[in-house]
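Biologist: I would like to go through this model with you. Could we begin with the strands and then turn to the core and the rings?
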Amino acid sequence: MFARMPPRSARTSKRRVPYRLQLESLEDRLAPAIFVVDSISDSGDDNPGDGVVTTQGGSGGVTLRAAIEEANAFPGPDVIEFNVSGAATFTPASPYDVIIEALTIDGYTQPGAMPNSNGPGMANNAVWQVILDGSGLPNLDSGLSVNMSSANQQAVIRGLLITGFGAGVALNADDGGHVVEGNYIGVFELEPGTTTRNVFGILVQSSNNRIGGTEPDDPNIIGGNQTEGIHIEETNVTSAGNIVQGNFIGVAADGVSDLGNLVVGVFIRGSDGNLIGGASAAARNLISFNDAGGVVIQAFPTGISADGNLVYGNFIGTDVSGTVAAGNSGNGVLISGGSGNQIGGTHALAGNLISSNGDNGVLISDFHQFDVFGTIDVPAVNNWVQGNFIGTDVTGTLGLGNDGNGVLIRGADNNLIGGVPDESGDPRNLISFNNGNGVFLEPDDFLQQPNGADNNVIQRNFIGTDVSGTVAAGNSANGVLISGGSGNQIGADNLISSNGENGVWILDEDTDLPAVDNRVQGNFIGTDITGTLGLGNGGNGVLISADGNLVGGTAPGARNLISGNFDNGVAIDTGANAVPNGLAPQGAYNHLADNNVVQGNFIGTDITGTLALGNGDNGVLISGSSHNLIGGTTSAARNLISANDDFGVLLTSSEFDSSITAQRNRVEGNFIGTQIDGTSELGNGLSGVRLEERSIYNSIGGAADGAGNVIAYNSRRIRDTGVEVAADSTNNPIRRNSIFANEGLGIDLFEEIGPGVTPNDTNADEDSPDGGNHLQNFPVLTSAVAAPGGTTITGTLHGTPNHTFAIEFFANDVADETGFGEGRTYLGVVETTTDALGNASFTANVAALPAGQDVVTATATDVTLVETEAAIIEPLNDTSEFSLALTAIRVTPPTAIPAPARVFHPFRLVRARIFRGFITLLTRRNFAAPTTIVLRNLPPGVTLLNPTGVTPEGDPFITVNRALRKNRPLRIRVVYANALGRYAVTFYHGFRVDVFSGTFVPSPV
């Protein structure tokens, strides 16, 4: 028999004693009852409720079973302590009673036991001397089970080693608020070769419980259990608001060795608002080595969603230092059917380290279950993944990649990866070194009914670099892969670089599930965080194998910097699963890459748009795709496409099916080969634009204002062109562009024999089909007269009879060395129609020539409307090469006469002998040379023979370059309509002569 004892005071080192903080009525007792267990036998209490523990008539000592029975029967809070001589191993023959009254069981009171005293990031040095071994129970009952019948009562279980039970600790359906701290719960070798395990480490089916804590003696070691280390489940009562902090879950006390639970470290099923970890080092759980995953948040099979759970500040898949791989065999974190769950956060230390796991770092998916009662679907929406290191060590500089993807979203919608900084901190995730993709959005094909991952946001992450954003730390596959998902936003402010394949890849799923309306905006793709150094992705910067997606845009902040990548900056490619239009089965999706928009980006330069940081192939590749728009007619839509190793823009057929060609794409308003000022040099390695492999009806520039591209300084490596059209590509209009300073021709229509100036075809029938744009003839310019108000250009064109052509005119400072043009400045357009022999002439009044640009050239585009093979009425749109250049004659109109220094009128008129053809004048004074004589109001029919000029008022004048003497005759030659007239000058009363003295020299007429 052992009487009740007052509480101990020796444990003053513990800052917080849970059972002293409970909220309950004292029930006329000033202190809790203490029962000290001194026997490992399994006898029950002789008379529960009498306030003392008596076993076997008073001869059996105080057993754990009897102490629990007495505590349950005697009202008020109680404490069970231990003072067992020798090993304190308890092997119950039957389950202990469920704890129904406020009770603390403290195993650290056993002599030789010691709670942990080490801080965060260190091994757990606790010593456990009280062992509960349930391996002899027949039905895998729980070790210690709690189910309080009254509110505001608390059970505290601490300092125990619990093994061999169905659940080491079970917190059952009551109001909760219990504490499980400082225990070792899991696998244990009692004797060599005799290992025991619990089925569950801790089973929680109530609310507001705390497992572990932030004090040094709070953490539990929970490992080696047959299923989950911690299982939190919503059943017929609410199970929410539980806190799991500071524990080693799946890791031995040394923080390094494998003690993995055989399924999951922490499993939350259908339960809401639980906190796993916290925003401090002391709250961090170490969750590693578990066989099927670190943390799982899952809907209950009846359809109850798991919502609002927080996973903060944990190490999931590493050792206690965060530098050594200790991965869980499955996913680091899995959310399956839940909303509003948050993995990490914006405030300091809220982010998790999720690395070296056997599958994905984080997986978010809808929950599905199908059985005889039907299908249950619970969506996973509005979950947040923020502030985590996923695939690195704790420093963010070394690789501990997850074997799968960094983050996988499978068929789930409206989730956020990253976010926008707020007053609490930065939501940036570091997602690097993973063996799959950095972020992967894929369909969920449950019951072969694919459902895309839609409307998710991937924002402000480092994907493929170290934590500084300056060192390569790429994921093995793509930075971001969207497969069959729509409406997703990539950006702004992601750094997506040095990944093994593409920076961003958007593609249709192999099923009939398109990826449409995805937006890639405001990212650095292929550079470091400064945007000045290359950290290129191993494939394309952005690869689109789907319809209707946007790369960049016209809104502020939408620009992507896409530079330094190994392949193309942007590739729009139909991909391997494409089916040509008209050949796909009825109702099936054809998986082409059409109707995408690429606007406002810097592709191949640094962030300033002034320095080269080129992609390894083309700036933009359009492969077997149609109706895509590269650029636009406003300055905000303009792409800067420069310094790339091959072509600025390449249009070609699909590499997987050459019958799928590039058609009706538009390249408008871009700077291709220049710096951002549109005039300074950067160039691309080959031609600015190339059309090949039966590319048809693609528009380079256009007839609308702002549609013209600047295409300059291209072909750094070999002598290529501004725009080249391969021999098999036709009907491509090249209009209103500024094309200058390219190494080769401005426009080159290839023949079968190759590039170079193509002479005009003199035949009167249609132009040859055996060449680019059907080898459309260029105009022949015959004259060009330039004045400040405009330029008049005449010429001829020989082409297809009875066709209408748009003749566009350009100015340049010099002609190409072949004598044929480039066209730097667009002047205007005139349309002309050929006659039955194919001949046409034109006179065009176009814009004035810019200063220093006296060379004029022209192109001809066949704008005759025809019905195409696609049953579309549209212009033929073949554009020619530039014409032979012509240097314009500049003419300056008369300049107005300045106000005279002195004016004298009239002259003294002596005679006017019309027969002799002159008027004789006498001055009243001397005039120094030069002098301007203006004849006002000449008689009808009288004109000056050779006037120097005409005043703005229309009066003729002459300039006299000798001095005039007073009363010395000055004869001015005139022409009179009536050669026989003999009239005195005085007959014309309105006639007047003005004399202007000075140095003014009028311009010629």
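Biologist: In which sense do strand β29 and strand β34 pair, and over how many bridges?
Modeller: Strand β29 (residues 362-365) and strand β34 (residues 407-410) pair in the parallel sense, over four bridges. Strands here are DSSP runs of E with at least two residues, helices are runs of H or I with at least four, and both are numbered from the N terminus. Two strands count as paired if DSSP finds at least two bridges between them.

Biologist: Before we go on, what kind of model is this?
Modeller: This is a predicted model, in which local features need pLDDT of at least 70 and side-chain atom pairs count only at pLDDT 80 or more, while totals for chains, interfaces and linings use all residues. Residues are numbered from 1 along each chain as its sequence is written, and side-chain values use heavy atoms, with hydrogens and water left out.

Biologist: Which residue is the bridge partner of Ser365 in β34?
Modeller: Arg410 is the partner of Ser365. β34 also pairs with strand β37 (residues 439-442), again in the parallel sense over four bridges, and there Ile409 stands opposite Leu441.

Biologist: What is the order of the open sheet with mixed pairing?
Modeller: The order of its four strands is β69-β66-β65-β74. β69 (839-846) and β74 (889-890) are at the edges with a single partner strand each, so one side of each has no neighbour in the sheet. Strand β65 (residues 780-787) runs parallel to β74, joined by two bridges, and Ala786 faces Arg890 across that pair.

Biologist: And which order does the antiparallel open sheet of four strands have?
Modeller: That order is β68-β67-β70-β73. Within this sheet, eight bridges join strand β67 (residues 804-812) to strand β70 (residues 855-862), with Phe809 opposite Ala858.

Biologist: Changing topic: how many residues are in the largest nonpolar core?
Modeller: The largest nonpolar core has 111 residues, and Phe90, Leu132 and Val723 have the most contacts inside it. Such a core is a set of buried Ala, Val, Leu, Ile, Met, Phe, Trp, Tyr and Cys residues joined through side-chain atoms within 4.5 Å. Helix α1 (residues 64-73) supplies the largest share of this core, five residues. A second, separate core of 20 residues includes Ala113, Ile221, Ala253 and Val320.

Biologist: Why is α1 described as largely enclosed?
Modeller: Nine of its 10 residues are buried, so α1 is largely enclosed by the rest of the structure. Buried means under 20% relative accessible area, exposed over 50%, and partly exposed in between, with a 1.4 Å probe and protein chains only.

Biologist: What do the buried residues of α1 pack against?
Modeller: They pack against β1 (33-37), β2 (78-82), β3 (88-90), β4 (103-106), β5 (130-133) and β6 (144-146). Contact means heavy atoms within 4.5 Å. Beyond its neighbours within four places in sequence, Phe90 has contacts that include Leu64, Phe82 and Leu132.

Biologist: Now the rings: how many aromatic pairs does the structure hold?
Modeller: The structure holds eight aromatic pairs. Rings of Phe, Tyr and Trp (its six-membered ring) pair if their centres lie within 6.5 Å; planes under 30 degrees apart are stacked, over 60 edge-to-face, and the rest tilted. The ring centres of Trp128 and Tyr184 are 5.4 Å apart with planes at 70°, so this pair is edge-to-face.

Biologist: Are Trp128 and Tyr184 buried or exposed?
Modeller: Trp128 is buried, at a relative accessible area of 14%, and Tyr184 is buried at 12%. Ring pairs link Trp128, Tyr184 and Phe188 into a cluster.
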